[in-house]
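Me: I'd like to learn how to read a few features of a protein model. Could you walk me through them?

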Amino acid sequence: MFLTRKGHVFTCGTNGHGQLGHGDTLDRPTPTCIELLASIGSVVQIAAGPSYALAVSDDGTLYSFGSGTNFCLGHGEQQNELQPRAVQSFRRKGINVARVSAGNEHVVALDSTGYVYTWGKGYCGALGHGDEIDKTTPSHLTSLKSQLAVQHTSMENVESAGTEVNFLHSAQTFAHRISSKLPFSFIADQKTETVLLRERERAKY
C-alpha cells in the first residue's frame, strides 16, 4: 500500500478479501491507484492490517476496506468491503480523524483534538476499555480523557525483544522530531505501546 505526495493511494498484491480497494477480488501484480479515493480528494495517511486497509482523507474522514473479520472495518458488521467505505460513526458525530493504526485484530484511531478510539477484538484487553469485550464500531477510550495522545501503534504479539525496541526507538524518534515544533512534550509508554501527549510548562521554553 502506497501513498503519494499528491494524496493518491496505490495498492498491489493479493486481494482475496478486497483489501486492495478496487471493487473486486483480483490480485494486482503492480501498484494500481484506488480510483474511488482519488475521486474523493487527498489522502493524508494510510494503514494496512493483515487483510484490510484504512485511509484518512484531508477532511478527517476515515475509510476502511477489505476483510470485515473481527469488526476491524468499524462498520458494526463483519462484511467484507471491496471498496473504501467511510466509517459513519465518526461522520455522524462530526469527529475528524487525524491518524489511524491497523493491528491484526483491532484498530486505534486518533482524532484532531487528541482523543483516542479503539475497535475490533477485545481479547486480553487490547482495546483498553478495562474488559475483553469486542467493539464493533469506534469506541472512545475514556481512560485517556485526561491525557491527549499524539500517536499509537497497534502491534502483533511478538516474541522478539528487538521488535519492541525498534518500535520504541521509532516512537521516540517521532517525538523528538515533532516536539521541537509544538508546545508539547512526548512520552513513550513501553507497556501500552502508546505515545502520550503532555503539555509543556511554557515558562520553561
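Me: How many aromatic pairs does the count come to?

Reply: Happy to start there. A pair of aromatic rings is described by the distance of the centres and the angle of the planes. The rule used here pairs rings of Phe, Tyr and Trp (its six-membered ring) if their centres lie within 6.5 Å; planes under 30 degrees apart count as stacked, over 60 as edge-to-face and the rest as tilted. By that rule, the count is 2 aromatic pairs. Phenylalanine 90 sits in helix H2 (residues 88-92) and tyrosine 117 in strand S10 (residues 116-120), so the pair links distant parts of the chain, 27 residues apart. Helices (H or I, at least four residues) and strands (E, at least two) are DSSP runs, numbered from the N terminus.

Me: Before we go on, what kind of model is this?

Reply: It is a predicted model, in which local features need pLDDT of at least 70 and side-chain atom pairs count only at pLDDT 80 or more, while totals for chains, interfaces and linings use all residues. Residues are numbered from 1 along each chain as its sequence is written, and side-chain values use heavy atoms, with hydrogens and water left out.

Me: Is phenylalanine 90 buried or exposed?

Reply: Buried means under 20% relative accessible area, exposed over 50%, and partly exposed in between (1.4 Å probe, protein chains only). Phenylalanine 90 has a relative accessible area of 3%, so it is buried. Tyrosine 117 also counts as buried, at 9% relative accessibility. Phenylalanine 90 pairs with tryptophan 119 as well: the ring centres are 5.9 Å apart and the planes stand at 70 degrees, so this pair is edge-to-face. That pair, too, links distant parts of the chain, with phenylalanine 90 in helix H2 and tryptophan 119 in strand S10, 29 residues apart. Tryptophan 119 is buried, at a relative accessible area of 0%. Together, Phe90, Tyr117 and Trp119 form one aromatic cluster.

Me: Which residues of the largest nonpolar core touch the most other members?

Reply: In soluble globular proteins, nonpolar side chains tend to be buried together. A nonpolar core here is a set of buried Ala, Val, Leu, Ile, Met, Phe, Trp, Tyr and Cys residues joined through side-chain atoms within 4.5 Å. The largest one has 17 residues, and those touching the most other members are Tyr52, Leu54, Leu62, Phe90, Val100, Val107 and Trp119. Strand S5 (52-57), strand S8 (97-102), strand S9 (106-111) and S10 are the elements that give two or more residues to this core. Apart from it lies another core, of 9 residues, including Ile34, Ala53, Ala55 and Tyr63.

Me: What does valine 97 touch, leaving out residues up to four places away in sequence?

Reply: Contact means heavy atoms within 4.5 Å. On that basis, valine 97 touches Val56, Gly60, Leu62, Phe90, Ala109, Leu110 and Asp111. Valine 97 is found in strand S8 and is buried, with a relative accessible area of 4%. For the chain, take contacts between residues at least 6 apart in sequence: 42% of them join residues at least 24 apart.

Me: How many disulfides does the count come to?

Reply: A disulfide is a pair of cysteine sulfur atoms within 2.5 Å, and the count comes to 0. Cysteine 12 is partly exposed, with a relative accessible area of 27%, whereas cysteine 72 is buried, at 0%.

Me: In what order do the 3 strands of the open sheet come?

Reply: Two strands pair if DSSP finds at least two bridges between them. The order is S1-S2-S3, and the pairing is antiparallel. Strand S1 (2-3) and strand S3 (28-33) stand at the edges, each with a single partner strand, so one side of each has no neighbour in the sheet. S1 pairs with strand S2 (residues 9-13) over 2 bridges, and leucine 3 stands opposite valine 9 in S2.

Me: And how many helices and strands are in the chain?

Reply: The chain has 3 helices and 14 strands. Of its 205 residues, 43% are buried.
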